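Here is a short tour of the structure for anyone who plans to look at it alongside the sequence. Please keep the viewer open as you read.

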Amino acid sequence: MSASDSHETQVDRQFGARAADYVASAVHGAGADLEALAALCRDAPYATVLDLGCGGGHVGYAVAPHVRSVTALDLSQAMLDAVGSEAARRGLTNLVTRRAAAESLPFADASFDWVLTRYSAHHWTDVPAALREAHRVLKPGGRLGVVDVIHPGSPLLDTHLQSWELLRDPSHVRDYSEGEWRAMLAEAGFVPGPAQSWRNRMEFSSWIARMGTPVAKAAMIRTLQEEAPDAVRAHYAVEGDGSFTLDVMMVVAEVDGVA
């Protein structure tokens with residue numbers, strides 16, 4: 001089994017078991033970042049949209065009433081089954097699901113007007129490859145909208161964030177900085193526009209419950225938080241119960257043009 005296959009299996013196992021939790025997640029089902037991402041193609045009734053790494057499907061649910069079609073793509077079949085059931089419950093007949101990795105999309109060139117992704121890229125094994133695939137399946141003039149957690153650039157803050165994330169979720173790969181995102185987008189052939197940013201509070205008990213983090217690993221996260229330098233605790237606004245605040249960014253990038 002290759003390293004990539006092993007990671008894909010781990011992602012499927014991690015998220016398949018938590019599919020219903022992610023569909024029902026209040027953090028994923030609302031928020032200014034979701035509203036901003038969904039608004040990008042709200043006035044595009046003929047648009048075809050790919051929700052890349054759809055998770056609980058919340059981007060697709062928000063966008064589907066306003067576009068021609070949404071394809072919700074994910075590695076986890078259990079997650080896709082839950083998304084399909086929820087879309088049917090909501091009467092979203094133009095939302096379909098497809099299982100595949102972001103780095104190897106099963107679509108022809110120039111298939112979509114929009115590719116949207118939210119809180120998924122930090123699980124991808126090869127973000128540059130996935131961005132090249134997104135570029136390939138977008139039509140000329142198409143756009144990519146990315147929302148994800150970012151690290152704020154400082155190596156100290158970066159190290160602590162990645163440690164917490166990995167202990168909580170072994171399928172985590174990396175939260176990238178804004179600078180890293182811009183470089184990867186440009187390398188893939190996109191022209192990234194200005195970023196929007198938010199600070200999102202993570203309530204600790206629901207944050208670990210959503211991923212089924214073992215008690216021992218949750219305790220390790222709390223130990224790291226308690227022993228972190230003051231600069232780390234201040235930036236992430238670490239609270240007494242372990243709740244903390246993350247940096248989230250949205251950037252829109254265009255194919256063959258200025259975003």
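T48 counts as buried, because its relative accessibility of 12% falls under the 20% cut-off. Bear in mind that this is a predicted model. You will find T48 in strand β1, which covers residues 48–52.

Which residues does T48 touch, once its neighbours within four places in sequence are left aside? The contacts are R68, S69, S111, F112, D113, W114 and K139. With S111 there is also a polar approach: a polar atom of the T48 side chain lies 3.3 Å from the backbone oxygen of S111.

## The sheet

Let us move on to the sheet. Its 7 strands follow the order β3-β2-β1-β4-β5-β7-β6, forming an open sheet with mixed pairing. The edges belong to β3 (95–99) and β6 (190–202); each has a single partner strand, so one side of each has no neighbour in the sheet. From one strand to the next, the twist averages 15 degrees.

Several pairings can be followed residue by residue. Strand β2 (residues 69–74) runs parallel to β3, and 5 bridges join the two; here A72 stands opposite T97 of β3. Strands β1 and β4 are also parallel, joined by 3 bridges, and V49 has W114 in β4 as its bridge partner. Between β4 and β5 there are 6 bridges, again with the strands running parallel, and F112 faces L138 in β5.

Strand β4 (residues 112–118) is mostly covered, with 6 of its 7 residues buried. As a reminder for reading any strand, side chains in a regular strand alternate between the two faces of the sheet.

V191 lies in strand β6.

Helix α9 (residues 178–187) lies across β5 (138–150), β6 and β7 (244–255). Relative to β6, helix α9 runs at about 150 degrees.

## Helix α8

The buried residues in α8 are L157, D158, H160, L161, Q162, W164, E165, L167 and R168.

## Cysteines

How many disulfides does a search of the whole structure find? The search finds 0 disulfides. For context, a disulfide is a covalent bond between the sulfur atoms of two cysteines.

## The whole protein

Stepping back, the protein has 12 helices and 7 strands. Of its 259 residues, 52% count as buried. Among contacts between residues at least 6 apart in sequence, 75% join residues at least 24 apart.

Note on methods: Residues numbered from 1 in each chain as written. Predicted model: local features only at pLDDT ≥ 70, side-chain atom pairs only at ≥ 80, totals over all residues. Heavy atoms only, no water. Disulfide = S-S within 2.5 Å. Pairing = 2+ DSSP bridges. Helix = DSSP H or I, 4+ residues; strand = E, 2+ residues; numbered from the N terminus. Axes fitted to C-alpha atoms, helices over the stretch in contact; angles between N-to-C directions. Contact = heavy atoms within 4.5 Å. Buried < 20%, exposed > 50% of the residue type's maximum accessible area, 1.4 Å probe, protein only. Polar contact = N/O pair within 3.5 Å; in protein donor to acceptor, adjacent residues only side chain to side chain.
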